[in-house]
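Welcome! Have a look at the sequence and the model, then read on.

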Amino acid sequence: MDGEFWRTNDEPDGVTEQWQDMLSATHLPWSVAVPLQERGSVVFEAAVRRWWIDDLALVDCTCGPCSGTRTRRELSGTDGEFVVVLITLAGRETVAQGDAEAGLKPGDAVVWDSTKPARFAVSEPLSKRSLLIPRAALDEVSGRAWMSGGVMLDGAKPATRLLTSYLDTLSLALPDLGSQSVSAARNATLELFIGALRSGIDVPTTTMAQPALRDAMDRYIERHLLDATVTPAAIAQAHGVSVRTVNRIFNATGQTVGEVIRVRRLARAREELTDSNLPVSSIAHRWGFSDTSHFSRTFKAHYGSSPSDYRLMAQSDNRGGAFVQRPVAAVHRAADCDQETGVTAAQS
């Protein structure tokens, strides 16, 4: 209930491989390097603890100076697409992706994209927290429009402080939360992340009205998800604009209105699968899918498993607190790491 825990052992030989396996098990595949240990020097140490916020992974890590890269090899070995928020708690680290490079001090955060090469360098003993978000979850809050690799989140900005302080509180409360509370915490985490992400991006004054209008349209969709009549025409009429304007605003984020509605209905259906015993067919119909087979295919394409399998895994993993959605957050389990390396893995 207190999460999963990894740590390196006391043997200096093989510590690089241990750390690489630990990092790859909890932060997606990385290739790492640890400075050569001189005789009599302090042995490199690292420890990782992971909690689950439904399909989001919250990972705390401490380590000594080291470096790492994600190249084509590591990218091809990553199962799924993720956005990762890295928050520095103590120490110093540099993270780079694309043309962006961020030197992080305590309180700062950076967002990196699992689909693009990246690198990091830890210059002094580090304590950090990472939040791993599957792309499927990000789509539920229209986050793809704001996402690009290497986005720096200023720790002095209120939106960033709100996100980091919320995660502090959540890491303590999570073991005692029931499944419905975990689901609510997960949705709140996504909203706070998008708020921090937006505050870290400079929006030209000529386009300031568009995000506000898109927000209003998103809220309208959320309120009318159960209505069969939620269409571009209905959205346009409710906001006093043309259908062309509605489509243009949504297309600017690489999505259509229909795609946004479908993703949000799938998200609500997903919540009912874990929080109720309603038949899959009833849930599908309630959220606008008249054909159960079509609902199952669409759900599996988005979340990685069928509705029935998703429900079974949620029920088997839910012990009164956070549970692991393996098909969604496809990162390795602690047991896998323990068998293949010298890393100690413990389930608290």
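Which residues of α1 are buried? They are Val 15, Gln 18, Trp 19, Met 22, Leu 23, Ser 24, Ala 25, Thr 26 and His 27. Please keep in mind that this is a predicted model. The points below go from this helix to a sheet, then to a lysine and a group of aromatic rings.

**Helix α1**
- Helix α1 covers residues 15-27, which makes 13 residues.
- At 1.5 Å a residue, α1 should span 18 Å, and its end C-alpha atoms are 17 Å apart, so the two values agree.
- Just after α1 comes Leu 28, which takes a positive phi of about 75°.

**The five-stranded sheet**
- Five strands make up an open sheet, and their order is β2-β5-β10-β7-β8, with antiparallel pairing.
- The edges are formed by β2 (31-33) and β8 (100-104), each of which pairs on one side only.
- On average, neighbouring strands of this sheet are turned by 10° against each other, direction ignored.
- Helix α1 packs on the sheet, where it touches β2, β5 and β10, and its direction makes about 140° with that of β2.

**A look at strand β5**
- Strand β5 (residues 66-70) pairs with strand β10 (residues 118-122) in the antiparallel sense, over five bridges.
- Within this pairing, Arg 70 stands opposite Ala 118 in β10, and Thr 69 stands opposite Arg 119 in β10.
- Strands β2 and β5 also run antiparallel, joined by three bridges; here Ala 33 has Ser 67 in β5 as its bridge partner.

- Lys 128 belongs to strand β11 (residues 126-134).
- Is Lys 128 buried or exposed? Its relative accessible area is 5%, so Lys 128 counts as buried.
- Lys 128 lies over the face of Phe 120, at 5.4 Å from the ring centre.
- Leaving aside neighbours within four places in sequence, the contacts of Lys 128 include His 27, Val 59, Asp 60, Cys 61 and Glu 93.
- His 27 is also one of the buried residues of α1.

**Aromatic rings**
- The model has eight aromatic pairs.
- One of the pairs is Phe 289 with Phe 295: the ring centres are 5.1 Å apart and the planes are at 55°, so this pair is tilted.
- Phe 299 and Tyr 303 form another tilted pair, at 4.9 Å centre to centre and with 45° between the planes.
- Both Phe 299 and Tyr 303 lie in helix α11 (residues 292-303), four residues apart, which is about one turn of the helix.
- Why does such spacing matter for direction? An α-helix has 3.6 residues a turn, so residues three or four places apart point the same way.
- Phe 289 has a relative accessibility of 7% and so counts as buried, and Phe 295, at 0%, is buried too.
- Phe 299 is buried at 0% relative accessibility, and Tyr 303 is buried at 1%.
- Which residues do ring pairs link into a cluster? The cluster holds Phe 289, Phe 295, Phe 299, Tyr 303 and Tyr 310.

Technical notes: Residues numbered from 1 in each chain as written. Predicted model: local features only at pLDDT ≥ 70, side-chain atom pairs only at ≥ 80, totals over all residues. Heavy atoms only, no water. Helix = DSSP H or I, 4+ residues; strand = E, 2+ residues; numbered from the N terminus. Expected span 1.5 Å × (residues − 1). Buried < 20%, exposed > 50% of the residue type's maximum accessible area, 1.4 Å probe, protein only. Phe/Tyr/Trp six-rings, centres within 6.5 Å; stacked < 30°, edge-to-face > 60°. Lys NZ or Arg CZ within 6 Å of the ring centre and 35° of its normal. Pairing = 2+ DSSP bridges. Axes fitted to C-alpha atoms, helices over the stretch in contact; angles between N-to-C directions. Contact = heavy atoms within 4.5 Å.
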